[in-house]
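Trainee: Could you walk me through this one? I would like to start with the aromatic side chains and then move on.

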Amino acid sequence: MRPDIYLVYLLLRLLGLLPLRWLQAIGAGLGRLALRRRGRMARYTEVNLTIARPDLDDKARAALLGEVMEEAGKSMTEIVKIWGAGAERALGLIREVRGEALFDAALASGKGVIIAAPHLGCWELLNYWLCRKTPMAILYRPPRIAAVEALLRKVRGALAPEQVRAEGAGVRALYKRLAAGGTVGILPDQKPRAGEGEFAPFFGREAMTMVLLPRLAARTGSTVLFAFAERLPRGAGYRIHFLPAPEGLADAQLPWACAALNRGVEQCVQLAFAQYQWHYKRYSADNRPSPY
């Protein structure tokens, strides 16, 4: 590990001693500051909320925008606690797990499990919980700064998932793991590369949607569960949710399957709407006009 990266690790360990409530309060303040500055994050969020919640009047949408920006700020600062405190201590912040029986039954079936974890709540904590239950591989794209990978391995410790690159050999590794009854985690709302997705409705507007997850489900017969870690109010901890996949997610017709995939993400988001990563440019595509 590079000396500068190791210093970041030591700083995380030190700041991880702070109460979660304090860190989230700092994050909420940063979110409000970003909103006042009206930078790209706030503007992208406002566009997405206009698309996803056309039923709201200007006052209600402005209030929701403020809440969403605060939650986005919390997601940035709470990671100090999740990484800095260590995996086992971070897991002590989980107060409840809803739908755990669904996950246990899927594991017991031996057919493989695909965890579809949207950009919602605290997904790093969800990874810890899953890896304590069973070995898991996650599909990822390498960070822009290569040395950051060493930091991630250090903070995650024994509960680090196997990281599989989003390329040919990595995808084949996912098929192999699922065929052997293993567990795989994928971000279902990650915008795919050109030529690797289908347009499907997402909160009332078509968005480019990945086809990899439906193909994995169709070809392996694995159980797909949606999951996320909800942030509880006032730094009280987290609640993990597991939801069954909507019907049709493994359909051979990819437009139908992708529509079902997005419905699954929507069902999760409706449980903690403000905690979704609404500043993500979900509706942008190379061959269509961008709303941003």
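Mentor: What follows covers aromatic rings, a cavity, a pocket and a few backbone angles.
Mentor: This is a predicted model, in which local features need pLDDT of at least 70, side-chain atom pairs count only at pLDDT 80 or more, and totals for chains, interfaces and linings use all residues. Residues are numbered from 1 along each chain as its sequence is written, and side-chain values use heavy atoms, with hydrogens and water left out.

Trainee: OK, how many aromatic pairs are there?
Mentor: The count comes to 12 aromatic pairs. Rings of Phe, Tyr and Trp (its six-membered ring) pair if their centres lie within 6.5 Å; planes under 30 degrees apart are stacked, over 60 edge-to-face, and the rest tilted. One of the pairs is Phe202 with Phe203, edge-to-face, at 5.0 Å centre to centre and 85° between the planes.

Trainee: Are Phe202 and Phe203 buried or exposed?
Mentor: Both Phe202 and Phe203 are buried. Buried means under 20% relative accessible area, exposed over 50%, and partly exposed in between, with a 1.4 Å probe and protein chains only. Phe202 has 1% relative accessibility and Phe203 has 9%.

Trainee: What other ring does Phe203 pair with?
Mentor: Phe203 also pairs with Phe273, edge-to-face, at 6.0 Å centre to centre with 90° between the planes. Phe203 is in the loop between β6 (197-202) and β7 (205-210), and Phe273 is in the segment after α12 (254-271), so the pair ties together parts that are 70 residues apart in sequence. Helices (H or I, at least four residues) and strands (E, at least two) are DSSP runs, numbered from the N terminus. Phe273 is buried as well, at 11% relative accessibility.

Trainee: Which residues do ring pairs link into a cluster?
Mentor: The cluster consists of Phe202, Phe203, Phe273, Tyr276, Trp278 and Tyr283.

Trainee: Back to Phe202. What is Phe202 in contact with?
Mentor: Phe202 is in strand β6. Leaving aside neighbours within four places in sequence, Phe202 is in contact (heavy atoms within 4.5 Å) with Ala207, Asn262, Val265, Glu266, Tyr276, Arg282 and Tyr283. Arg282 lies over the face of Phe202, at 4.8 Å from the ring centre. A charge sits over a ring if NZ of Lys or CZ of Arg is within 6 Å of the ring centre and within 35 degrees of the ring normal.

Trainee: Which ring does Arg288 lie over?
Mentor: Arg288 lies over the face of Phe199, at 3.6 Å from the ring centre.

Trainee: New topic. How many cavities of 30 Å³ or more does a search of the whole structure find?
Mentor: The search finds one, and the largest cavity has a volume of about 30 Å³. On a 1 Å grid over the protein atoms alone, a cavity is a set of points where a 1.4 Å probe fits but cannot get out, while a pocket is an open set with protein on both sides within 12 Å along at least five of seven lines; lining residues have an atom within 4 Å of a point. Points are joined across faces, edges and corners, and the volume is the space filled by probe spheres set on them.

Trainee: Which residues line the largest cavity?
Mentor: The lining is Asn48, Tyr276, Gln277, Trp278, Tyr280, Arg282 and Tyr283. Asn48 lies in helix α3 (residues 40-52) and is buried, at 1% relative accessible area. Apart from neighbours within four places in sequence, Asn48 is in contact with Trp278, His279, Tyr280, Tyr283 and Tyr292.

Trainee: And the second largest pocket, what is its volume?
Mentor: About 160 Å³. The pocket is lined by 13 residues, of which Leu30, Gly31, Leu33, Ala34 and Met41 lie nearest its centre. Elements giving two or more residues to this lining are α2 (20-37), α3 and α4, with the largest share, five residues, from α2.

Trainee: Last one: which phi values are positive in residues other than glycine?
Mentor: Arg234 is one of them, with phi near 55°. Arg234 lies in the loop between β8 (223-231) and β9 (238-244) and is exposed, at 63% relative accessibility. Arg38 has a positive phi of about 55° although it is not a glycine. Arg38 is in the loop between α2 and α3 and is partly exposed, at 36%. Most residues other than glycine have a negative phi.
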